[in-house]
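Have the viewer open while you read.

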Amino acid sequence: MAQESSQAAGAGLHRVVVLVDENSNPFELGCATEVFGLRRPEIGRDLYAFTLCSPEPRTVLRDGFFTLTGVADLTAAERADTLIVPNRPDIETPRRPAVLEAIRRAHARGARLLGFCSGAFTLAEAGVLAGRRATAHWQWADRFRARFPDVRLEPDVLFVDDGDILTAAGSAAALDLGLYVVHRDHGAEVANAVSRRLVFAAHRDGGQRQFVERPLPPVPQESLAPLLAWATQRLAEPLTVADLASRAAVSQATLHRRFRAQLGTTPLAWLTGERVTLACRLIERGEERLDVVARDSGLGTAANLRARLRRETGLSPTAYRQRFGRVELPDPDPDPAPAGPRTGAAPAPAP
């Protein structure tokens, strides 16, 4: 499955290699395959060349539920542009020296490294996280700090982007990090298309809390989904937290509690993130007027757009346009009825 994707992808694509080791967790392996390994007919092109590799020709995965055969050997890691390192529930067991050496070599030649869940232990054991920022699953934070005191652990976030090394906290956060990487590589429009296929949130900020302690409420909490759907259709409007609370028919304090409990963020942070993502998509679709992008995304002014975009992507609007501009994706649900002329479109030629 994944090997066919890699072989058929062709030359020139960014090479993502997953290094699978004994007792690796199949879920994170599945996340990597879903995000980086599948063909993308909904996009009209492949995004990555994807390969699985292992130090042994036969690798038993977590608790013996699956056995992996027929994948590449460790030489595939030598060609990786992005190397996803193995995660294992037995965090106290040392990793194979050959695996650690493959990670060190990949890092030394400039490959991007991704660690899912306990993959942070593998990266730290390989010695590439010394002095760097990383995250790991909350239940292993104390043990991680004790073993690797030279790593700047951030245990209360979904994922950490430290440039060429990125780590995700837990199993589901592997999908968040994977989509974040797709966004970073290919832009918001493509990442949104991938998330639609996954039926997964297109954007959860890495700084959101990975674990929210909340007691059972005395009455069932209402889902935020209808409110979020309503708001995403009105991002260009001057929506405020007060408007969201009014729509939900609750106080602002109650709305904040629900956002924290259900999304791990605040209403304002969520609203701003959605507006930045919309601004990215407008730029990718070819809109060059920053005042129009700022207005239609609800960010207000070109100055605010520049500041927010640089904060979220590290790029100016001009640099973002140069990297991701003119993204055209197939319509996933084409309307059979002919569309009317758009404002500003050239008039149709006379018969």
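Leaving out residues up to four places away in sequence, which residues does Ser24 touch?

1. Ser24 first, then. Not counting residues up to four places away in sequence, its contacts are Leu61, Arg62, Pro86, Asn87 and Arg88. You'll find Ser24 in the loop that runs between strand E1 (14–19) and helix H2 (26–37). Its relative accessibility is 5%, so Ser24 counts as buried, the cut-off being under 20%.

2. Now the overall picture. Keep in mind that this is a predicted model. The protein has 14 helices and ten strands. It runs to 351 residues, 49% of which count as buried. Take the contacts between residues at least 6 apart in sequence: 65% of them join residues at least 24 apart.

3. H2 leads on to a helix pair. The axes of H2 and H6 come within 9 Å, with a crossing angle of roughly 25 degrees. Angles under 35 degrees count as roughly parallel, so that is the label for H2 and H6. The crossing of H2 past H6 is right-handed. On the H2 side the contact is made by Glu28, Cys31, Val35 and Phe36, and on the H6 side by Ala174, Leu175, Gly178, Leu179, Val181 and Val182. By type, the residues of this contact are eight nonpolar, one polar and one charged.

4. Next comes helix H7 (residues 188–198). H7 is mostly covered, with nine of its eleven residues buried. The buried ones are Ala188, Glu189, Val190, Ala191, Asn192, Ala193, Val194, Ser195 and Leu198. What do they pack against? Their partners are H2, helix H6 (173–186), H11 and helix H14 (317–324).

5. H10 is worth a look down its axis. Its buried residues are Thr254, Leu255, Arg258, Phe259 and Ala261. As background, an α-helix has 3.6 residues a turn, so residues three or four places apart point the same way. The buried residues of H10 pack against helix H8 (225–232), H9 and helix H11 (267–284). Just after H10, Gly264 takes a positive phi of about 70 degrees.

6. H11 also meets helix H12 (residues 290–297). How do the two axes sit? The axes of H11 and H12 come within 9 Å and cross at roughly 140 degrees. H11 passes H12 in a right-handed crossing. H11 contributes Arg275, Leu278, Ala279, Leu282 and Ile283 to the contact, while H12 contributes Val293, Asp296 and Ser297. Sorted by type, the contact residues of H11 and H12 are five nonpolar, one polar and two charged.

7. Two backbone angles to check. Most residues other than glycine have a negative phi. Cys117 is not a glycine, yet has a positive phi of about 55 degrees. Ala249, not a glycine either, has a positive phi of about 60 degrees. Where are they? Cys117 is in the loop between strand E6 (112–116) and helix H4 (119–126). Ala249 is in the loop between helix H9 (241–248) and helix H10 (252–262). Is each one buried or exposed? Cys117 counts as buried, at 7% relative accessibility. Ala249 is exposed, with a relative accessible area of 68%.

8. Last, Glu78. Its place is in the loop between strand E4 (67–69) and strand E5 (82–85). Glu78 is partly exposed, and its relative accessible area is 31%. Which residues is it in contact with, leaving aside neighbours within four places in sequence? Those are Arg105 and Arg109. Glu78 and Arg105 are 27 residues apart along the chain, and their C-alpha atoms are separated by 7.5 Å.

How values were computed: Residues numbered from 1 in each chain as written. Predicted model: local features only at pLDDT ≥ 70, side-chain atom pairs only at ≥ 80, totals over all residues. Heavy atoms only, no water. Helix = DSSP H or I, 4+ residues; strand = E, 2+ residues; numbered from the N terminus. Buried < 20%, exposed > 50% of the residue type's maximum accessible area, 1.4 Å probe, protein only. Contact = heavy atoms within 4.5 Å. Axes fitted to C-alpha atoms, helices over the stretch in contact; angles between N-to-C directions. Left-handed = near helix turned anticlockwise from the far one by under 90°. Nonpolar A, V, L, I, M, F, W, Y, C, P; charged D, E, K, R; others polar. Parallel < 35°, antiparallel > 145°, perpendicular 65-115°, else oblique.
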